[in-house]
Amino acid sequence: MSSELLVLLIVIVTALAFDFTNGFHDTANAMATSIATGALGPRTAVAMSAVLNLVGAFLSVEVAKTVSGGLLKINDVHHMALLHIVFAGLVGAILWNLITWLFGIPSSSSHALFGGLIGAAMAALGASGVIWTGDQKTGLINKVILPALLAPFVAALVAALGTYLVYRFTRNSDETKVRKGFRIGQIGSAALVSLAHGTNDAQKTMGVIFMALVAHGTFTNKDDIPLWVKLCCALAIASGTYLGGWRIIRTLGKGLVEIDSPQGFAAESSSAAIILTSAQFGLPLSTTQAATGSILGTGLGKPGAEVRWGVMGRMALAWVFTLPLAALVGAFCWWVEDLIGGVAGALVDLVILLALSVYIYLRSRRDPVDTSNVNAEWEGSTAPAPAEPANA
């Protein structure tokens, strides 16, 4: 096996690993509110979300095209160098996903990916390696930065209005019947968010793998994304979704706003509409920011609801730092690869990634969050306080 083919295989496997982390990191976007209100049981929710993520991955390729050719200037880059850039960027994205998952912070997997790729590209090529502005189909500012700034505000506004109207129209109705009816409605709205998430997020990894295949010379930018790439990415994100990112589900479902079923329905409907619209226009939107903005909006739209602004502040801080910190990790990984050179450099980065991933997982087991405590009362931290031992 040639060194170039080996690096390509490492890139593909690492991209699918990122897709897997994207799945469990973002399960909360679709299912946190349904789990919090009791509309769906935890295991039922993640199973349904996994299936719909799988289906959604096949509905469009517009976002994948943006990622594969609209963010980095790859046409004049040597194919081996591009493979190393992509790999370094993926390592940065995976590590940021795992760190934010450990602390239960719903940060953007999309921005982690873009940050890692941008950092690696700038370390290798300088600032000119990034398409900062372009036409309506390309450019970091047009396709990533502006949607990132607008999405949470638009989502919050839509969800706040929807929540206000829901409570306005049902104010004279039986509260128990209203809650039960919206719990049923949440099943449909949560399903739509999962479908939208697959349509948007699974395609980002498709775009990365296709970029690597183009760099290797297997395909050109004018070719269609092959079916096996779509299938592998769909299965990876669905598998991660089924694992369930319980730490982040708990933060979004219990930590930001105390959600009732009418709010959950409004939040999910708002998220689905915004994510599907962005996918149609090829915008690699942060589904996390759209979902979080929607949940925040329900707290603003419901009279007397409490929004925990301290939790929101930690989320916003993570959003601000996601791109630059993932970029720093991507740049560092490129530096390691460039210093050692060839396949050996990629393998050293791979060992670093595996070692840190194992450490983060073992650290998470000190204060586990799972189906048994994901809906426990919020006490200021991701992990619920341990139960008091029973008296002998």
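Residues are numbered from 1 along each chain as its sequence is written, and side-chain values use heavy atoms, with hydrogens and water left out. Because the model is predicted, local features need pLDDT of at least 70 and side-chain atom pairs count only at pLDDT 80 or more, while totals for chains, interfaces and linings use all residues.

Salt bridges were examined across the whole structure. The search finds 6 of them. A salt bridge is taken as a side-chain nitrogen of Lys or Arg within 4 Å of a carboxyl oxygen of Asp or Glu. Side chains of opposite charge can pair when their charged atoms come close. Glu175, Arg179 and Asp260 are linked in a network of such bridges. Helices are DSSP runs (H or I, at least four residues), as strands are (E, at least two), and they are numbered from the N terminus. Arg179 also forms a salt bridge with Asp260, where the closest N and O atoms are 3.1 Å apart. This pair links distant parts of the chain, 81 residues apart: Arg179 is in helix H7, and Asp260 is in the loop between helix H9 (246-255) and helix H10 (261-280).

Buried means under 20% relative accessible area, exposed means over 50%, and partly exposed lies in between (1.4 Å probe, protein chains only). Glu175 has a relative accessible area of 56%, so Glu175 is exposed. Arg179 is at 23% and therefore counts as partly exposed. Asp260 counts as buried because its relative accessibility is 17%.

A further salt bridge joins the side chains of Lys254 and Glu258 (3.6 Å, N to O). Lys254 is buried at 8% relative accessibility, whereas Glu258 is partly exposed at 32%. Glu258 also meets the side chain of Arg308 in a polar contact of 3.1 Å. A polar contact is a pair of N or O atoms within 3.5 Å; within protein, one must be able to donate a hydrogen and the other to accept it, and residues adjacent in sequence count only if both atoms are side-chain atoms. Arg308 is found in the loop between helix H11 (287-301) and helix H12 (309-340). With a relative accessible area of 17%, Arg308 is buried. Neighbours within four places in sequence aside, Arg308 is in contact (heavy atoms within 4.5 Å) with Lys254, Gly255, Leu256, Val257, Glu258 and Trp378.

Thr241 is placed in helix H8 (residues 227-243). Its relative accessibility is 0%, so Thr241 counts as buried. Apart from neighbours within four places in sequence, Thr241 is in contact with Gly23, Phe24, Thr27, Val46, Ser49, Ala50 and Asn53. Val166 belongs to helix H6. Val166 is buried, at 13% relative accessibility. Not counting residues up to four places away in sequence, Val166 touches Phe182 and Pro262. The C-alpha atoms of Val166 and Phe182 are 9.9 Å apart in space, and the two residues are 16 apart in sequence.

A nonpolar patch occurs on the surface. Met122, Trp132, Ile141, Leu146, Leu149, Leu150, Val154 and Val158 form it, with about 670 Å² of accessible area together. Patches are made of residues with over 30% relative accessible area and no salt bridge; like charges are joined within 9 Å, and nonpolar side chains (Val, Leu, Ile, Met, Phe, Trp, Tyr) within 5 Å. Accessible areas come from the Shrake-Rupley method with a 1.4 Å probe, and for residues only the protein chains shown count as cover. Helix H6 (residues 140-169) supplies the largest share of the patch, 6 residues. Trp132 is found in the loop between helix H5 (109-125) and H6. Trp132 counts as partly exposed, at 34% relative accessibility.

The structure holds 0 disulfides. A disulfide is a pair of cysteine sulfur atoms within 2.5 Å. The cysteine sulfur closest to that of Cys232 is in Cys233, 6.9 Å away, which is too far for a bond. Cys232 is partly exposed, at 30% relative accessibility. Cys333 is buried, at 4%.
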